[in-house]
Amino acid sequence: MGIVIAVISGKGGVGKTTATANLGLGVALNDKKCVVVDFDIGQRNLDMILGLENRVVYDIVQVMEGDASVKQALIKSKVNENLFFLAASQSKDKTVLESDKVHKLVTELKEDFDFVILDAPAGIESGYEHTIEFADAAIIVVNPEVSSIRDADRAIGILDSKSYKVKNGEEVAKYLIINRIDADMVQKGEMLKSEDILEILSVKLLGKVPEDKGVIDASNQGKPVILDKKSLAGQAYLRIASRLCGKKVDMKDIEVANSGFFSKLSGMFK
Ligand SMILES: Nc1ncnc2c1ncn2[C@@H]1O[C@H](COP(=O)(O)OP(=O)(O)O)[C@@H](O)[C@H]1O
Ligand SMILES: [Mg+2]
């Protein structure tokens, strides 16, 4: 049986879909069989980042309604044979999701994949609740800014009270990704520090991802940034994916990225 991980944030636009695509590919690169599922019904974004938008024939709503089988709807990645994708429906709105149908789908996927990664919609409405409902673990993505932390805190509250595991007296594992860190801004005190974010949210840190223009280019090309060996965000996602696969990878302190010898030296002459 695989593990179901919901990628959540509360606030929109913090990098959930980007994280889902990169982590999915990252665990696939670690030889784990993975399916990434777009739960952002009505939006559809993950297909573009994975470069699979033209391959979508059936979506999860059609699977849940019994109009297509899971096998028919699964789309194979073009870059890694361990990675599969299930698309969101574009035509229907998120109120179409129902608990028992979500449960059936997720259970079926768990039987075939090591990792089932669900990309949640923004907000904490019913679409969000269905994404976390049957999750074994959640990855909370935040940006180092107050509004993102506040909304993540709310999303965690719902996770801790409404998920199936919690209802059964168990715990949902929670991991944090701090995304879009700008080392200079942190150093100048213009951006929240990781330690403060961790203290507020009280969640285990899975990794930090720097602000990186390469992410947007990569997404536009349909090739997740993790494939770009030179990209700092890509390298961060590689480390995070390895951690998810149980490998011990040291936490790189990207908040002091510019404190190397040469930048210190140049700083002396400023
Ligand atoms: N580390 C990063 N550096 C720069 N841009 C990023 C980074 N992570 C995400 N983005 C950009 O932020 C925007 C929102 O990301 P997305 O993954 O769609 O967020 P969400 O799914 O939470 O709404 C996208 O344009 C994406 O390319
Ligand atoms: Mg998204």
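What follows is a short briefing, grouped by topic.

Keep in mind that this is a predicted model. The protein has 13 helices and 8 strands. Its radius of gyration is 18 Å, close to the 18 Å that the globule rule gives for 270 residues, so the protein is as compact as a globular protein of that length.

**The overall picture**

- As for burial, 46% of the 270 residues count as buried.
- Take the contacts between residues at least 6 apart in sequence: 76% of them join residues at least 24 apart.

**The sheet**

- The 8 strands form an open sheet with mixed pairing, and the order to follow is E3-E4-E2-E5-E1-E6-E7-E8.
- At the edges sit strand E3 (75–76) and strand E8 (204–210), each pairing on one side only.
- Helix H6 packs on the sheet, where it touches E1, E5 and E6, and its direction makes about 150° with that of E1.
- Helix H10 (residues 194–201) packs on the sheet too, touching E6, E7 and E8, with its direction at about 150° to that of E7.

**Strand E8 and its partner**

- E7 and E8 run parallel and are joined by 5 bridges.
- Two pairs to look for: Tyr175 stands opposite Lys204 in E8, and Ile181 has Pro210 in E8 as its bridge partner.
- Although E8 is an edge strand, 5 of its 7 residues are buried, so E8 is largely enclosed by the rest of the structure.

**Strand E2**

- Strand E2 (residues 34–38) is mostly covered, with 5 of its 5 residues buried.
- In a regular strand, side chains alternate between the two faces of the sheet.
- Here both faces of E2 are covered: Cys34, Val36 and Asp38 are buried on one side, and Val35 and Val37 are buried on the other.
- E2 runs parallel to strand E4 (residues 83–86), and 4 bridges join the pair.
- E2 also pairs with E5 in the parallel sense, over 5 bridges.

**Helix H6**

- Helix H6 (residues 126–133) is mostly covered, since 6 of its 8 residues are buried.
- The buried ones are Gly127, Tyr128, His130, Thr131, Ile132 and Glu133.
- What do the buried residues of H6 pack against? Their partners are strands E1 (3–8), E5 (115–119) and E6 (137–142), along with helices H5 (99–112), H7 (146–162) and H8 (164–167).

**Val106, a residue in H5**

- Val106 lies in helix H5.
- Is Val106 buried or exposed? Val106 is buried, because 22 other C-beta atoms lie within 10 Å, and 20 or more is what it takes.
- Leaving aside neighbours within four places in sequence, Val106 is in contact with Val4, Val116 and Phe134.
- Ile3 is 103 residues away from Val106 along the chain, yet their C-alpha atoms are separated by 9.9 Å.

**Around ligand 1**

- Of the 19 residues around ligand 1, which come nearest? Gly15, Lys16, Thr17, Thr18 and Val215 do.
- Helix H1 (16–29), strand E7 (173–181) and helix H11 (213–221) each supply at least two residues of the shell.
- By type, the shell residues divide into 6 nonpolar, 9 polar and 4 charged.

**Two positive phi angles**

- Most residues other than glycine have a negative phi.
- Asp31 has a positive phi, near 65°, and is not a glycine. Asp31 sits in the loop between H1 and E2 and counts as exposed, with 10 C-beta neighbours inside 10 Å.
- Arg44 is not a glycine either, and its phi is positive at about 60°. Arg44 lies in the loop between E2 and helix H2 (46–49).
- Where Asp31 is exposed, Arg44 counts as partly exposed, because 18 C-beta neighbours lie inside 10 Å.

Methods: Residues numbered from 1 in each chain as written. Chains lettered and ligands numbered in written order. Predicted model: local features only at pLDDT ≥ 70, side-chain atom pairs only at ≥ 80, totals over all residues. Buried ≥ 20, exposed ≤ 12 C-beta atoms within 10 Å, placed from the backbone. Contact = placed C-beta atoms within 7 Å. Rg over C-alpha atoms; globule rule 2.2 N^0.38 Å. Near = placed C-beta within 6 Å. Nonpolar A, V, L, I, M, F, W, Y, C, P; charged D, E, K, R; others polar. Pairing = 2+ DSSP bridges. Axes fitted to C-alpha atoms, helices over the stretch in contact; angles between N-to-C directions.
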